[in-house]
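I opened this notebook to keep track of what I looked up, one topic at a time. The sequence and the structure come first, and my entries follow.

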Amino acid sequence: MHAVVSCKNVKKVYKQGAIEVIALADADLTVDEGDFVCLSGPSGSGKTTLLNIIGGLDTPTAGEIIVADNRLHTMSKSQLAEMRLHHIGFVFQAYNLIPVLTALENVEMVMQMQGVAKHERAQRARQVLKEVGLEGLENRKPPELSGGQQQRVAVARAIVSNPKLVLADEPTANLDSKTAENLIDLMRHMNTEHGVTFVISTHDPRVMHHAKRNLSMVDGRIVA
Amino acid sequence: MNKGYTLVAALAWRNLWRNPRRTTVILFAIVLGAWAMIVMAAYARGMSKQVFDNAIDNLTGHIQIHAPGYLEDPVIDYAFDSAQTTLKTALSDPEIAQFSPRVRVPAVVASERESQGVTLLGIDPVTEAKMSFLRKSIVAGNFFVSARDPGVIIGKKLAERLETALGRRVVIMTQDAHSKIADRGFRVVGIFDAMMDAQETGFAFISLGAARQMLNLENRVSEIAIKLHDPAHTDATLERLKLQLPALDVRAWYKLDMLAKLFQDTWEGSTFVWHLIVFLAMGFGIVNTILMAVFERTREFGLFQALGLKPGFILLQVWLEALLLLIIGLAIGNLVAWLSVLATGDGIDVSAFGQGLEMAKLSKVIPFVLTARDLLIANAVVLILGLLTCLYPAWRAARLVPAHAITRI
């Protein structure tokens with residue numbers, strides 16, 4: 001099976017004054033198309049750092065990262081943005097929706113940046129919002145939605161343009177258990193029905209329970 | 001290609017109204033700044049125009065012709081023949097709207113009680129009526145009715161000093177063309193009230209015919225004042241006249257009244273300084289507002305980058321927000337400034353400072369003159385400098401590292 005993500009000896013060192021903090025130490029990871037991978041581990045183990053580096057949101061200190069056949073460590077800021085636009089969807093712990101846009105506009109946003117025609121993007125956005133259970137709430141702005149609804153909008157935004165990879169950083173952390181269960185079902189559905197590849201960092205055992213592969217991180221290394 | 005332009009434009013507009021109170025405050029600052037720039041420019045332009053108009057109306061005209069040496073020593077000896085053919089040909093220049101021959105000599109005017117040194121002007125009533133302030137300033141009696149009118153016209157202030165009045169006789173004494181004392185009695189036929197006191201006390205007007213007869217001048221005059229159809233063509237016309245009249249001294253108004261030129265340049269120069277001062281005060285407000293907006297939305301800028309918006313579009317979004325703010329502020333500022341200028345009507349009365357203003361070649365009422373050029377400059381200063389100052393916050397937003405920005409609280 002074709003690898004969507006390939007990390008080799010990825011290292012990330014942060015400087016805090018004179019002290020060097022090793023966030024990732026020679027991490028190796030391969031994620032195949034259609035995979036559903038959970039990264040777990042204690043706080044500070046490097047889960048978010050690894051997701052950020054796979055997503056091109058941060059640069060590694062050393063190592064090689066290939067995402068959807070793009071060698072991230074050799075790309076400029078603009079090239080990384082272009083790569084994210086076409087190949088990666090993000091779901092964040094804090095939803096991160098744009099407050100001045102409606103649910104529909106938040107979902108349409110990525111397609112708008114891709115240059116998809118207005119009619120087509122509205123149709124697709126409505127379709128995806130329906131799939132995540134938000135039919136009828138398209139014209140509400142984020143402050144008018146509950147936390148669970150906002151996270152569903154974020155998932156819809158992440159998958160609407162059919163990315164090769166969705167990176168989710170603790171997506172259930174701010175949700176109550178019922179909403180979290182619904183969200184996990186939704187992501188699993190997207191994975192099995194649409195073949196979307198997920199890499200999720202989480203502490204949540206319910207998410208881990210649904211994963212095809214569970215990986216643990218300790219002190220910046222993938223240990224299992 | 002990333003097609004984020006419409007998204008960026010929509011976001012810029014909506015974000016502008018995200019914090020209405022802050023946007024309103026900075027809009028108010030821009031409106032106030034634009035208003036101050038435009039109104040001050042209109043005031044300075046009004047003063048500049050008035051200095052120019054007063055200089056031209058105050059017997060100067062746009063161009064004057066004299067015999068060489070007259071301007072250094074303005075006496076009767078430097079009179080020249082106004083009937084010469086070359087002069088007549090030169091004065092038929094199509095740019096010349098009006099010319100007026102004058103006799104102009106120092107003299108003394110005496111009433112029964114007082115005497116006063118003046119500049120005596122012998123004028124042609126037909127041509128002078130269209131040339132200088134005199135005809136439109138007559139408040140008692142009348143203007144000369146013929147080229148040989150035997151009367152004298154004096155200013156209101158001079159009449160007060162001489163303790164004379166309309167219909168009374170005064171004696172004018174000067175030196176004639178043969179260097180002999182010439183004196184003659186004139187009846188006061190008109191009294192004028194000028195914008196400036198110096199005009200009222202400094203001149204006495206008699207008809208050109210009477211002056212020539214009294215001074216034995218025959219066809220000679222001291223000067224010819226010229227008014228042009230378009231003052232902008234002064235220099236070109238001046239050069240043509242100089243070429244045609246090499247034996248005469250031809251000068252433009254700004255060489256005859258250099259103080260007026262100096263004041264005119266000063267008023268216009270002050271506008272530029274004023275624009276800079278106003279913009280400095282306003283510029284800090286604009287930068288502060290945009291910087292605050294950038295700091296508040298750091299997470300969003302990180303998110304946009306995470307979703308694939310290139311840094312250039314982030315810069316464009318912030319910049320567009322500033323542009324919209326400036327355009328709205330300027331539109332309102334221009335409207336308010338235009339209404340303010342309209343409300344001043346003929347100008348503002350500054351007679352409380354009359355004496356000082358007269359020295360600056362100004363009248364008691366200063367008009368506001370709004371020109372397209374001044375409007376354009378004020379708007380361009382705000383728009384261009386405003387956008388330049390907003391480059392800094394926009395650049396800051398664009399160079400955020402997405403992973404760091406997205407976790408910023």
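I began with B:A44, which counts as buried because its relative accessibility is 1%; buried means under 20% relative accessible area, exposed means over 50%, and partly exposed lies in between, with a 1.4 Å probe and protein chains only. B:A44 lies in helix α2 of chain B, where helices (H or I, at least four residues) and strands (E, at least two) are DSSP runs numbered from the N terminus. I noted that B:A44 touches B:W267, B:S270 and B:T271, not counting residues up to four places away in sequence; contact means heavy atoms within 4.5 Å. From B:A44 to B:G151 I found 107 residues in sequence and 40 Å in space, C-alpha to C-alpha.

Before going on, I wrote down that this is a predicted model, in which local features need pLDDT of at least 70 and side-chain atom pairs count only at pLDDT 80 or more, while totals for chains, interfaces and linings use all residues. Residues are numbered from 1 along each chain as its sequence is written, chains are lettered from A and ligands numbered from 1 in the order in which they are written, and side-chain values use heavy atoms, with hydrogens and water left out.

Next I looked up the nonpolar cores, a core being a set of buried Ala, Val, Leu, Ile, Met, Phe, Trp, Tyr and Cys residues joined through side-chain atoms within 4.5 Å. The largest has 97 residues, and A:I54, A:V67 and A:L165 have the most contacts inside it. To this core α2(B) gives the most, with 15 residues. Apart from it lies another core of 45 residues, including B:A79 and B:F80.

Which residues does A:V67 touch, not counting those up to four places away in sequence? I listed A:V4, A:I54, A:L72, A:M83, A:I88 and A:L165. The bridge partner of A:V67 in β5(A) is A:N70, and two bridges join β4 (residues 62-67) of chain A to β5(A) in antiparallel fashion; two strands pair if DSSP finds at least two bridges between them.

I then followed the open sheet of chain A, whose four strands come in the order β2-β1-β4-β5 with antiparallel pairing. Since β2 (19-32) and β5 (70-71) of chain A stand at the edges with a single partner strand each, one side of each is left without a neighbour in the sheet. In the loop between β1 (3-16) and β2 of chain A I found A:A18, which counts as exposed because its relative accessibility is 83%.

Another strand of chain A, β6 (residues 88-91), is covered on both faces, with A:I88 and A:F90 buried on one side and A:G89 and A:V91 buried on the other. Four bridges join β6(A) to the parallel strand β7 (residues 165-169) of chain A, and A:F90 stands opposite A:L167 in β7(A).

My last entry concerns helix α2 (residues 77-87) of chain A, in which A:L80, A:A81, A:M83, A:R84 and A:L85 are buried. These buried residues pack against β4, β5, β6 and α3 (103-114) of chain A, together with α11 (298-307) and α16 (402-405) of chain B.
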